[in-house]
Amino acid sequence: MAERVGHVAIIGNGIAGLSAAGAVRERDSRCRITLIGEENALTYSRPMLTKAALRGFDAARFTLFDEDWYAARRIDLKLGCRVTDIDPDARILSLSDGTSFEYDRCILAVGASCLIPPIPGREKDRVFGIRDIESIMNIRGAMASARRVVIIGGGVIGMEMAWELKRAGCSLTILELAPALMGRFLDEEFSQLLKDRLRASGIDVRTGIQIETVTGDDRVEGVRLTNGEFFAAEMVIISCGIRPNTETAARAGCTVNRGIVVNERMETDVSGIFACGDCVELPGFNPGVWTAAEAQGSVAGANAVGARVSFEPAPGGVLINGFGSYIFALGDAGRNPDCDYEILNFDSAGTKDSSFFVNDEMRTFQGREKYFFSEGRLVGGLLTGDPEAPEILKPGIEQRMRKDAFLKSRRGLG
């Protein structure tokens, strides 16, 4: 007979923590659930931070559920509060407000912070990372007197922020230390395609660079490269990935590498403690994406109250929607050196009446589709142009469709 769980404490109210709470209540109608969040805000759509950053971002607009949702599920909220200590032997949590309480199961959903490289001058005023509402509010506040902006980092968040700042009329430079933009998701061709579209939009893009320093006295004045180039700026935004928050887990005795080490059931190696979301490391990797965090939270919550389910990684993907078009990447775009890939390319053009597009200019498209097959089965794709093309890609990858079957489904797009 499964052990009775009286109290589940969930640390972190991002999407992983929220999903964990929902999964606990779905399987156990009686146990107590406490959801603790450092931000004094209900769970909101964090991906929207950079998609609506400068157009009047309102946390309430992107809040996933209102207070009635939590009340109906008897989820006790402790917001604006952080955990200062976990005693895994006594199973007691201590909080920053001076209170403490016992738990039966603890789920760490503490997320991640901005990865800030050790760039000299990174501590100056108006050098920002992007991770929460406060950071967006600070950027919006600086916009009144910042018309030249340097973005350090050419990943998804950097691209989305660049689009927002461009629409706001800023002069932009993107500096990427890697040799290509979004190398985690795109191949060389699509990375160059993205760079060309950024430059066509009036954005200066440099890749494969090395930064010497962020200049200025107390307030930023620009960024200097090791080759002597200088880019003047009243604001610098650093978007170089994430750093899993592991300190709380380490203090509790959990094994930590890059992230909190968990198994496929989201269990740490400390009895009674689970972990999920951007803070974790599953054998060798941390997906660091919203959909994975949501799925991991559901697995952690279910297992905390006696289920035996495992997290099954789904193909990772990204969508960049802006600069006059979109680029969609999903799955393996030929990045595994141990695989032999067959690559199929298609060019297309047309006009679609689709709410997917963010402006009228994008309704007429020049499309490019690139599909990657390994051992005769679809493993990934890169797309731009046709808004309906992504609809066949995800199921095709999930079902590991054979080439002939996938091509037949593609022809059905017409």
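**Salt bridges and nonpolar cores in a predicted model**

Glu 234 counts as buried, at 19% relative accessibility, where buried means under 20% relative accessible area, exposed over 50% and partly exposed in between (1.4 Å probe, protein chains only). The structure is a predicted model, in which local features need pLDDT of at least 70 and side-chain atom pairs count only at pLDDT 80 or more, while totals for chains, interfaces and linings use all residues. Residues are numbered from 1 along each chain as its sequence is written, and side-chain values use heavy atoms, with hydrogens and water left out.

The pLDDT is the predictor's confidence in each residue, from 0 to 100. Its mean for the protein is 89, and 91% of the residues reach 70 or more. Over residues 354-362 the pLDDT is below 50, and this stretch has 18 contacts in the model beyond near neighbours in sequence; a contact means heavy atoms within 4.5 Å.

A salt bridge is a side-chain nitrogen of Lys or Arg within 4 Å of a carboxyl oxygen of Asp or Glu. The whole structure holds 19 salt bridges. In one of them, Asp 278 pairs with Arg 131, with 2.7 Å between the closest N and O atoms. Asp 278 lies in the loop between strands S19 (273-275) and S20 (280-281), and Arg 131 in the loop between strand S9 (127-128) and helix H3 (133-142), 147 residues apart. Helices (H or I, at least four residues) and strands (E, at least two) are DSSP runs, numbered from the N terminus. Both Asp 278 and Arg 131 are buried.

Glu 234 forms a salt bridge with Arg 148 (2.5 Å, N to O). Arg 148 belongs to strand S10 (residues 148-152) and Glu 234 to the loop between strands S15 (230-232) and S16 (235-238), so the pair ties together parts 86 residues apart in sequence. Arg 148 is partly exposed, with a relative accessible area of 40%. A network of salt bridges links Asp 187, Glu 189, Asp 347, Arg 368 and Lys 370.

A nonpolar core is a set of buried Ala, Val, Leu, Ile, Met, Phe, Trp, Tyr and Cys residues joined through side-chain atoms within 4.5 Å. The largest nonpolar core has 51 residues, of which Ile 86, Leu 93, Ile 107, Leu 108, Met 266 and Ile 273 touch the most other members. Helix H1 (residues 15-27) gives the most to this core, with six residues. Apart from this core lies another, of 42 residues, including Ile 133, Ile 174, Leu 193 and Val 379.
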